[in-house]
Amino acid sequence: MTPDQAADIAEITQAIYRYAWAIDSREFALLDSIFTPDATLHYNFFGLKPRSLAETKPWLEASLRIHRVTQHNMTTPRVELSGDSAASTTYGVLVHAQEKLDGAMSVVTQHGVYVDAWLRTAAGWRSESRRLDNLFIVGRFLGPNEVKSFAKPLPY
């Protein structure tokens, strides 16, 4: 591996981790530093369809409100470079804490695999497509009529 290849892999890996921070802090503007403007994101579970980045940001904001906090643990990223493009697969252990209306906590842990196609741009490496495939879920997500709503994360 050349020093340039190592730097490319490090940059892509940091973008993978930055995604987790963007989601968990609900700072969706950070997604612009991870994805191309025309990126497609597909959370491939529960019958969800692919969305553009512009559609994904408000969807995430609305969807995450039913979680008091989340923690997206991105692990074991595998990055394969090919000139000015790259592919990555990354495990995700995604913890979602919901607060029931009576104040009790409900925790769901989702295990999945993120698959990205990357492109070297003038601004650096950006994902032009991301798919999250579900492996399994421990627990049950509660609906918005069963839990409190949070615009921003509120640690316990």
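These are my notebook entries on a predicted model.

**Ground rules.** I number residues from 1 along each chain as its sequence is written. In this predicted model I take local features at pLDDT of at least 70 and side-chain atom pairs at pLDDT 80 or more, with totals for chains, interfaces and linings over all residues, and side-chain values on heavy atoms without hydrogens or water.

**Helix α1.** I started with α1, which runs over 3-25. Helices here are DSSP runs of H or I with at least four residues, strands are E runs of at least two, and both are numbered from the N terminus. I checked the length of α1. Its 23 residues should span 33 Å at 1.5 Å a residue, and the end C-alpha atoms lie 32 Å apart, so the two agree. The expected span is 1.5 Å times one less than the number of residues.

Next I listed what α1 hides. D8, I12, T13, A15, I16, Y19, A20, A22, I23 and D24 are buried. I call a residue buried under 20% relative accessible area, exposed over 50%, and partly exposed in between (1.4 Å probe, protein chains only). The cover over these α1 residues includes β1 (35-44), α2, β3 (69-82), β4, β5 and β6 (124-138). After α1 comes R26, with a positive phi near 60 degrees.

**Salt bridges.** I counted 10 salt bridges in the structure. The criterion is a Lys or Arg side-chain nitrogen within 4 Å of an Asp or Glu carboxyl oxygen. I looked up three of them.

- D8 pairs with R120, and their closest N and O atoms are 3.1 Å apart. D8 sits in helix α1 and R120 in strand β5, so this pair links distant parts of the chain, 112 residues apart. D8 is buried at 11% relative accessible area. R120 is partly exposed at 34%.
- R65 meets E61 at 4.0 Å, N to O. Both partners are partly exposed: R65 at 31%, E61 at 40%.
- R140 pairs with E146, the closest N and O atoms being 3.6 Å apart. R140 is exposed at 52%, while E146 is partly exposed at 30%.

I then looked for shared partners. Salt bridges of that kind join D8, D84 and R120 into one network.

**Largest pocket.** I turned to the largest pocket, which holds about 400 Å³ of space. The search uses a 1 Å grid over the protein atoms alone; a pocket is an open set of points where a 1.4 Å probe fits, with protein on both sides within 12 Å along at least five of seven lines, and lining residues have an atom within 4 Å of a point. Points are joined across faces, edges and corners, and the volume is the space filled by probe spheres set on them.

I find 23 lining residues, with F45, W59, S63, H67 and H96 closest to the centre. The elements giving two or more residues are α1 (3-25), α2 (53-64), β4 (85-99) and β5 (105-121). The most come from α2, with five.

**H67.** I ended with H67. This residue lies in the loop between α2 and β3. H67 is buried, at 4% relative accessibility. Leaving out residues up to four places away in sequence, H67 touches R26, H96, A97, Q98, F141 and F150. Contact means heavy atoms within 4.5 Å.
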